[in-house]
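Please take a moment with the sequence and the model shown here before reading on. The paragraphs after it are meant to be read with both in view.

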Amino acid sequence: MKKKLAALVMSFTVVLSLAACGGGPDASPEDGGSGSADGGSKTVVIAMEGEGLETFDPGYVYEKYSHVVMNACYENLFKFYSNDGAAEPCLADTYEFSDDGLTLTVTLKDGIKFASGNPMTSADVAFSINRCKNLKGNPSFIADTIDSVETPDDKTVVFHLTEPDSAILSKLTYNAVAILDSKVAKENGATDAEDAAETDTARNYLDNASAGSGMYVLTKYTPNEEIVLEKNENYWGENASNVDKYIIQLQGDANTQMMTLSSGDVDVALNLTDDTVSELESNDSVAVINDPTKTVAFVMMNMDENIGGPVSEPKVQQAIRKALDYKGVQEIVGSGTITPYALIQDGFMGSKGTRDVSYTDVEEAKKILADAGYPDGFDIDLIITDLAFEGTPLTDLGQKVKDDLALIGINCNIVTQAWAAGYGDAYRDGTLGLTVMYWSVDYADPNVQLEFLPGGLVGLRAGWEADMDPEIAAMAKSCMEATEDEARTAILEEIQDATYEYGPFAMIAQAPAHIGYNTRLTGVAVSDPYTLDVTMINIAE
Amino acid sequence: MHALKKLFKSNYLFTLGVIICLAWILAAILAPVISPYDPIVQDLSVRLNPPSGDHWFGTDNFGRDIFSRVIYGGRYSLLAGVVTVILSGIIGTFYGAIAGYVGGMVDNVMMRLSEMILSFPSLVLAMIINAVLGSDLFNTLFALVIVSWPTYARLMRSVVLSVKENEYVTASIALGASRMRVLMKEIIPNSINSVLIMATTDIGNKILMFSTLSFLGLGSAPPTPEWGMMVSDGADYFNKFWIAGFPGLAIFTMAVGANFIGDGLRDLLDPKLRKEF
C-alpha cells in the first residue's frame, strides 16, 4: 500500500513539473514569466556574471557588471542613450564651454528629486564629484581633469578644468560621478572632505542600498546570489521602462544561462558564448544579439629596434597588417566580430567604421616584406599571455597570427608567459617585441584611444615615443582640446587615416557581446558604458 | 625470460597493457606516415566539424584534423612520460642509494633536502618552476623531474637500508671491495626492482601531470599538438565532444596501459607477491 502511495505521489510530481516546464515559454506576456508569483507585477529576471562585484558605492565602483545596477539606481549630468553616439544631457539642462576650454558651465533641469524625496541641487553635484575625487578609489582618475567645482546658485554648476578635455562630457556619464543624495549619504557617514579616503564610512550602507535619482532603487543584494531592483516611486521624470522589478541572478556560467533562458526561467542572459548562442537558434521565444563591444584585440610590434628587431621597421609592420587574415580572425572570435578601420573602434564618435576584410593580400604583403629587406622572412618570438579576449583565449589569436604570418615567410615561435609571471610587467614596461593583446575601454569616449598614439600609455608600451612621429602626437593633443564635436570628429578621422597603414599596432578584431533575451521584452541592447541599460527595457503589452 | 613468457600467458591485463603502449609508441614514431593531415596547418573552412569520413576524429576550432593531432600528440606526451621517469629514476636511485648506504649525518642532510621538495604540493611546485623559467617543453620536463625524483630517492633509501645488512654485502667488504664497488655491484642491483616497478606505474602519472600543466597553459607552447592542451582547448566547446573527447581518451588508454604493465611487473619481481613463477 505504501509503495503504491509513493508511486502515485511520484507520478503526480512528474506530471506537475512537466506542466510547469511546458508553461514556461508560452506564458502570456502579462503574467511576467517567473515573476508571476508576485501577483502580476511586471518582473524581469536577468542572469549575469557575479564574480568581482565589489561594491555599489559610486565612489568606488569600477567593475564591468556593477554598472548594470548603478545605471538603474543613479543618474548623471550626462548619459549615453545609445551605444554609438555622443553623451547627451540627462540631469543637465544646458551646458556651455568657455572659449579657452577650461570652464564648463552646466545648469540642472527643474524638479529633479531623489528616490528619498529630497530635491536635487547643485550642492549634491559638487558633493558627489568632490567625494569621488577625494576617496582616491579605483575610479577617481575619471575626475582627474576637474580642478574644482563651483556652485553659484542652486541650479548651476561650474567645472574648472586643469586642461582642455574634450572627453569631459563622456567622463561625466561614468557611474563613479553619479549624483548622490548628499543628505542621505551624509547621514550614513559620507563626506567629500579632502581626507575622505580615511573618514568616509558610507560604503557599507551604499553597498546594500542606493541613494540616487534613478528609475530604480536597490532593495536587496546577496553576494554571489542575487540583486533586487525595485521601481523608484518618487521618480522625477518619465519612466522609459514599464518593468516594476528586476531580479538579477548572479550566475555567470554560459551553459546554465543558455538553459535557464530557453526554459523561460530567465528573461535576459548576459554572458552567452558563441557556442551556446548556436544552441538557442531554434528557440522561437528567445532572441539573440551578437553586437560588437568596444573591446579590441591587436598585434603590437615594438618600434624600438633593440626590442622589436625586424618588426620595428614600419614596412615590416605594414607587411604584417597586409598579411593578417581578418576574416579568419572574425570566424574564430565568433559571430558579430568586426575589424575596426584603424585605432578607433567602430561605434565611437568620429569612427571611420570597419576595415574591409578584403584588405588582406598575401602577395602584396610578400612584396612589401621583400621591399623592407626580408625577401625570405625571418624568425621571431611571439609572446602570448594567459588572458582571454571576451572569451577567446589570446593563445587562439596567437596561433591564428602565427599561421597567417607563416604565409609570408615570417616564422613565429609562440612563447606563452603567465600574466602574473612576467608578462604583465614586460607589457607595461614596453619590453615585448611582438605580441597579441587586447584593450577594453575605461569610459565610453574615443579619447581613450588616444593612448595608442606616440607618447600615449599604450603607444609607449610599443616603444612609440612622441618625438618619433611628432605630427601624430600633435593630433592627440588637438583632439583633447577640441570641445566642438565637429572639430573633434575631423581630428579623429585624421588620426585614423594616419594609422590606417602605419604604426606599431594592427587592430585585428572588435569583440561581440552575446546577449540572449526572451522575445516578450523590447529594448534589450548591448551597452558599453552600462553593459545592459535596464532603464530602456519594456515588457511588450 | 621464461618468467616473462609465463607472465604474458597468465596475466591478460599485462599483455593488454603492453599492446596498448606498443601501439601508442608505434603511432608516435610513424606519425608522419599514419596521420592524414598536417597537425598544425589551419583550414578555417572545415572548423568545428564533427567526426566524419574525411576527419575521423573531427576538427577543432582552427579546422585542424584531431586524429592527426592525437597521433602527433603522442610524441610529446610519451616523451614527457618516459623521459621524466627515466631521469628522475636515475637521479633518485643514486641519491637514495648513497644516502642509505653511507648513513649517519650524510643520510640526514640528504633526506631532509629531498623532504623539503616533497613538502610542496608537487603540481604547484612544477607550476612555479615553469612560470619562473617560462613555459616550453624543456622547462616543463625539467620541472617534472625536479618534483618527482625525491619519491624515488626515498624508496631507494628504504630498500638499501635493509639490503646493506645482507651477508653478501658484508662478505664483499671483507674481501676488500671499495665502497664504490659495493654500492655499484652489490647494493644497487639488489635494490633496483622496486624502483623499476614504481617507474612503470609512474609513466602514466607523469603523462597526466604533464597534461595537467599543459591544461593550465604551462606545458608546451601552442600550436604544438599535446594531449593535455587539446583537452584544455576543447573544454570551451561544451557541446562538441570530439575536441576534448579523443585526446582525453588517448591520455586515459596510455595511463591505463602503463599501469597494467607496472602491476604485471610487480607480480613478476616482488618476491612477496610472487606466486607460482
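What follows looks at chain B as a whole and then at a pair of helices in chain A.

This is a predicted model, in which local features need pLDDT of at least 70 and side-chain atom pairs count only at pLDDT 80 or more, while totals for chains, interfaces and linings use all residues. Residues are numbered from 1 along each chain as its sequence is written, and chains are lettered from A and ligands numbered from 1 in the order in which they are written.

Chain B has 11 helices and 0 strands (DSSP runs, H or I of at least four residues for helices and E of at least two for strands, numbered from the N terminus). Along its principal axes, the C-alpha trace of chain B spans about 75 × 50 × 30 Å. Of the 277 residues in chain B, 45% count as buried, a term for residues with 20 or more other C-beta atoms within 10 Å of their own, those C-beta atoms being placed from the backbone.

In chain A, the axes of helix 12 (residues 326-333) and helix 14 (residues 394-406) come within 11 Å and cross at roughly 155°, the axes being lines fitted to C-alpha atoms over the stretch in contact, with angles from 0 to 180 degrees between N-to-C directions. That makes helix 12 of chain A roughly antiparallel to helix 14 of chain A, the word used for angles over 145 degrees. Where these helices meet, Gly328(A), Val329(A) and Ile332(A) of helix 12 are in contact with Asp396(A), Leu397(A) and Lys400(A) of helix 14, contact being C-beta atoms, placed from the backbone, within 7 Å.

Conventions: Parallel < 35°, antiparallel > 145°, perpendicular 65-115°, else oblique. Contact = placed C-beta atoms within 7 Å. Buried ≥ 20, exposed ≤ 12 C-beta atoms within 10 Å, placed from the backbone.
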